[in-house]
Amino acid sequence: MSGATPTRTPAPAWLRPATLADALAARAAHPDWLVVAGGTDVMVGSTRRPEPPGVLDLFGLAELSAITEGPDGLCVGAGATYAALLRHPTVRDRFPCLHEAAREVGALQIQARGTLGGNVQTSSPVGDTLPPLLALDAEVEVASAARGPRRVPYAAWITSYRKTALATDELLVAVHLPWPAPGTRQRWRKVGTRKAQAISKVMLAATARLEGDGPGRPGTIAHARVALGAVADRPVRLPTVEALLVGASPDPALAERVREAVRAAITPITDVRSTADYRREVAANLVARFVLDLAAPALPGADPGAGGAP
Amino acid sequence: MIGLGERVGASPPRVDGAAKVTGAARYVDDLQPPGCLVGRTVRSRVAHGVLRALERDPGFDWSDVTFVTAADVPGRNVVTLIEDDQPVLVPVGGTIRHHDEAVALVAAPTKEKAEAARAAVRLVVDPLPAIFTLDDALRAEVKLHGQDNVFKRFEVTRGDDVERALAACDVVVEGVYETGAQEQMYIEPQGMLAAWEGDTCHVTGSLQCPYYVHKALKVTLGLPAERVVITQAVTGGGFGGKEEYPSMIGAHAALLARAAGRPVKVVYERDEDVAATTKRHPSRVRHRLGLAKDGRMLAADVDVLFDGGAYATLTQVVLSRGVLHAAGPYRIPTVRIVGRALATNHPPHGAFRGFGAPQTTFAYERQTAKAARALGMDPVALRRLNLYRDGDVTATGQTLRGSVAAHPTLDRVVAQLEQPPPAGRRTLPQAPHVKRGRGVATYFHGSGFTGSGEERLKGQATVAVAADGVLEVRAGSTDMGQGATTTFAQIAATALDVHVSQVRVAQPSTDKVPDSGPTVASRTCMIVGGLVDQAARAVRSKLEAFAAEVGLAADDPARGDLPALARRWAAARGELAETHTYRPPAGIRWDDQTYRGDAYPVFGWAACAVDVAVDTDTWEVVVERCVHAVDVGKAINPTIVQGQIDGGTVQALGWALWESVQYREGKVLNDRMTNCIIPTAIEAPELETLLVEEPYAHGPFGAKGVGEIPMDGPGAAVASAVEDALGVAMDELPLLPEVVHRRVRAGRAGGAA
Ligand SMILES: Cc1cc2nc3c(=O)[nH]c(=O)nc-3n(C[C@H](O)[C@H](O)[C@H](O)COP(=O)(O)OP(=O)(O)OC[C@H]3O[C@@H](n4cnc5c(N)ncnc54)[C@H](O)[C@@H]3O)c2cc1C
């Protein structure tokens, strides 16, 4: 065996564009290259996959990383990291369910590298920020060199299991979050295999706004969004449950009806992380708990149920 | 002279600490001798079948690949341990007995090429029907071992006929308890490096027991003892997982290196390690406990089943320890314990911290909790009534003579519970859907080898003045992170009255250190540490005599300077080596035939209380408080000892609540750290660890074992706490939220809740 030369695969081409225009040009020129932001999804198992011909590295690209406030809402760059989301006071104050979701992704190292755009494009049924994007009526903005930008409601962005409507010459640019109406309550709840570095078994993101509530009076629900993760091949909104909520008054009877409706609305699977049975019951419990908590005067933080996780 | 802060009983920094935190420590994967090839293992993709052929893809470039099969084994194709039934590589025509079993080996200049070569080997297999459950193993329609699939059966009896005794009891509590497999999940995956120098084979790697590997490789390679040299590299965790399996990897690396004529390193990927190497035995224990109305335990009938997996490996020894602990630390006049280890087509289960005792402890402590409820008694009071005291007689007929701390450990826990819980702990909110409960457990763990094991082993340790004049401890016991090196250095330094830094602990290598016996069974500090202590004292008196011989005046301060004397000795006379061999204390008797007598030289004792909160929306269990008192005889280095207890406690909580190895058709489904979940620092409660020191007369400075006992009891305490919170029996581990949910639903349906 002596004299044999080690076989080495040639290193792939690596491009780190300085501007979005350059990035879009490179994307159009090399549709088969791997787009990498934080790399926290694409690096997993990468040694077991064939190497891509090239890498388009977007991490830190300024035009993709900004979080900016506009008249209609907040624009979060696709390249914004979880750490950036967590630092941003407007995200914390106006979009607590996204803030809380970011807080529970992986652990500090992953939060420093992982991006919102990466989560959206991996489009895993267990992507933690995805139910919040549904509950917050988010829109995604994508762009290509040839056709310029376009905006798509997030609810229509996922086309099938881990597939999105991104064209091969497009890049994800930003996520737009409309300002929630004043008084909108938000809930995030992640049930993972443990408290950190955990893939979700069930997630709930929900928003609701009450009208006519006051001391001793719960009022009626004027607006509701209920989104679940890890119970289907993609994150889902539950229109039947939302319909039950709107116009109703949050009380234990409503919570019970909602529990039933959630059970009927989803058909989760059993896999290595959990069972169908458990996922269905827990999803139903989490939504019912949200309804029960709406009856309480004010929502203390976004997640009273999760306890003192740091 | 040794400083106060270094003496036995103080906690000087670990002698291996600096190298580890600076990255200077060299693990096996850091070793890269010139020309070293990457070795990979070709594995079975079925759980049971006859290997008809191994086909190599003719289109693949094999020119720089070394390929090894069973036909290339120069000695016997077995991993020598107890029964010699496990092949190093399944031969063509032979039987594959579990998924991911090794059938061939490849080595190549790069990892990529080795991976590709492995993928270019095709196995032709005639599948056979397989066994994956204890019930199927018992039915024995498929026969994997003998006529009944029983690897080993043990029986321990004491007192009357057990049926008659149970019939006479006021209350009989009965339960069936199941526990799952558990992965050791050491941070450093397994790996070995082999290199031949002429006709001598050198193997270095991540391992617990150099002499186990030595014994096995002599047989596989057909070599005399002196031509096989096994060295431990810095090892990143073991927990029992590196007790037996390194013999397999060492043999593979040696065979590849022999065929390639170059060094070969085989380091497992995480998924391969989780899929193929040994785990804790899944178990099912049926337990009947009879009591008098006043709470006295009168009779216990215990039936223990372990899933041994595909080969005998260490299973019978694990079963033995499980059986010997199965009646608990309680005075029970009539006992029958029957233990059987069964053959299945799972990868072999093996050594894991606790070694069979956690499984049977789970059963007897759940029984104790249920008995308290059945009698309407306080669970602590019931234990106080029955716990062993000095002079009591165990199930094997062993009279406990000294160092019995069953009551003191429980008393410490009870006292601690009166104190407010630690600040900063993680709790769930106070809410109607959050239920709370408390569980208690008391248990014991034999230190050292079972029965006559230590007598047979005749472990040795040496303290020497090395050729370079340095005082050196030479032992075959390894440090895998548990602190053995520091403990030995401290014992020797205290005995020699020198600074810890003036003692060197030799890297374990079979050509340099004696066989101290394996680094297992809570024996390293107590047994081998005792030998180090004796040998060090012998060296000290030789050097002191030497001082007189060379004419140092009695009041010359140089007489007290042992390191200087050692250097003078080395210059004048060369090496000085004092080797001591273990001899059991007088009066220890054990009969392997009847399984009666002194099962262990001494026991460690422990008590644990756990408070849980259960969120009934998600069925997640949060351990809000965990008080754990453990008797260690004497804490040589209290920081290290507390580290052992803290770590063992969290590992036990992991086994109780999160850690689940899932098999499908004998294959591990969750073979990554992302899905083979172990607890993190967030899950770990603010541990309230309490050291109790009930000295053992024959241990060094009174020390006895500590490594395993913290693993034994917290599982039962957690289950009892969850049961207390929810009012539904929790008789299996792990109590994943899915399991708690299933049991609550079944309990409601059955009207038990
Ligand atoms: C240890 C660990 C823990 C984790 N924990 C969690 C968790 O708790 N919850 C969770 O949801 N996820 C978790 N993840 C997954 C991952 O961190 C997240 O999905 C993260 O958001 C991915 O972002 P990224 O920037 O690293 O993506 P990358 O890995 O860089 O990319 C992911 C995908 O998005 C595409 N992409 C990225 N940016 C763009 C863009 N601008 N335009 C077009 N395509 C783009 C890439 O081509 C790729 O297909 C974890 C991962 C690891 C390794």
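Let's start with Tyr177(B), which counts as buried because its relative accessibility is 1% (buried means under 20% relative accessible area, exposed over 50%, partly exposed in between, with a 1.4 Å probe and protein chains only). This is a predicted model, where local features need pLDDT of at least 70, side-chain atom pairs count only at pLDDT 80 or more, and totals for chains, interfaces and linings use all residues. Residues are numbered from 1 along each chain as its sequence is written, chains are lettered from A and ligands numbered from 1 in the order in which they are written, and side-chain values use heavy atoms, leaving out hydrogens and water.

Now for the aromatic rings. A search of the whole structure turns up 15 aromatic pairs over all chains; rings of Phe, Tyr and Trp (its six-membered ring) pair if their centres lie within 6.5 Å, and planes under 30 degrees apart count as stacked, over 60 as edge-to-face and the rest as tilted. Take Phe60(B) and Trp62(B): their ring centres are 4.9 Å apart and their planes stand at 65°, so this pair is edge-to-face. Both Phe60(B) and Trp62(B) are buried. Back at Tyr177(B), its ring and that of Phe362(B) have centres 6.0 Å apart and planes at 90°, so they're edge-to-face. Tyr177(B) lies in strand β8 (residues 171–179) of chain B and Phe362(B) in helix α9 (residues 357–375) of chain B, so the pair ties together parts 185 residues apart in sequence. Helices (H or I, at least four residues) and strands (E, at least two) are DSSP runs, numbered from the N terminus. Phe362(B) is buried too, at 1% relative accessibility.

Over to chain A. Three of its strands form an open sheet, ordered β1-β3-β2, with parallel pairing (two strands pair if DSSP finds at least two bridges between them). β1 (13–15) and β2 (34–36) of chain A stand at the edges with a single partner strand each, so one side of each has no neighbour in the sheet. Three bridges join β1(A) to β3 (residues 54–57) of chain A, and Leu15(A) stands opposite Leu56(A) in β3(A).

Finally, the backbone. A cis peptide bond, with omega about 0°, joins Leu733(B) and Pro734(B). Asp100(B) isn't a glycine, yet its phi is positive, near 65°; this residue sits in the loop between β4 (95–96) and β5 (102–108) of chain B. Asp100(B) is buried, with a relative accessible area of 6%. Lys458(B) also has a positive phi, about 50°, but at 48% relative accessibility Lys458(B) counts as partly exposed.
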